[in-house]
Amino acid sequence: MPEQSEWEVKAANILKAQLKLKGVSYAQLAELIGDKEPNVRNKLSRGKFSAAYLLQCLSVLKTDTLHFS
């Protein structure tokens, strides 16, 4: 399996941090976006997901602002 790029790692970490901050599990996120928990878990562990997926997840988590460097 190919290694994750720096940006894939950052995107996955941003989403994981928001889940932790909001107290939302992978199972709950999956339900909110109409996906299955294993799919969510795999996408976040691999860091392989689209910008649209990231925005969808952040939207259901009611994340309006992100600060990162």
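What is the mean pLDDT of the chain, and what share of its residues reach 70 or more? This is a predicted model, so start by coloring by confidence. The mean is 93, and 97% of residues reach 70 or more. Confidence is lowest in H1, at a mean of 94, and highest in H2, at 98.

**Whole chain.** Show the cartoon. There are 4 helices and 0 strands, in the order α-α-α-α. The radius of gyration is 11 Å, close to the 11 Å that the globule rule gives for 69 residues, so the chain is as compact as a globular protein of that length. The C-alpha trace spans about 30 × 30 × 20 Å along its principal axes.

**The core.** Select Leu15, Leu19, Leu29, Val40, Leu44, Phe49 and Tyr53. Of the 17 residues in the largest nonpolar core, these touch the most other members. Helices H1 (6-22), H2 (26-33), H3 (37-46) and H4 (51-60) each give two or more residues to this core.

**Leu44.** Center on Leu44 and show what surrounds it. Leaving aside residues up to four places away in sequence, Leu44 touches Ala12, Leu15, Lys16, Leu19, Tyr26, Phe49 and Tyr53.

**Helix H2.** Now select Tyr26, Leu29, Ala30 and Ile33, the buried residues of H2. Look down the axis: they cover an arc of only 100°, which puts them on the same side of H2. They pack against H1, H3 and H4. Step just past the helix to Gly34, where phi is positive, about 75°.

**Surface.** Finish with the surface on. Its accessible area comes to about 4,900 Å², with 55% belonging to carbon and sulfur atoms. Of the 69 residues, 30% count as buried.

Methods
Residues are numbered from 1 along each chain as its sequence is written. This is a predicted model: local features need pLDDT of at least 70, side-chain atom pairs count only at pLDDT 80 or more; totals for chains, interfaces and linings use all residues. Side-chain values use heavy atoms; hydrogens and water are left out. A nonpolar core is a set of buried Ala, Val, Leu, Ile, Met, Phe, Trp, Tyr and Cys residues joined through side-chain atoms within 4.5 Å. Buried means under 20% relative accessible area, exposed over 50%, partly exposed in between (1.4 Å probe, protein chains only). Contact means heavy atoms within 4.5 Å. The arc is that of the directions from the helix axis to the C-beta atoms. pLDDT is the predictor's confidence in each residue, from 0 to 100. The radius of gyration is taken over C-alpha atoms; the globule rule is 2.2 Å times the number of residues to the power 0.38. Accessible areas come from the Shrake-Rupley method with a 1.4 Å probe; for residues, only the protein chains shown count as cover.
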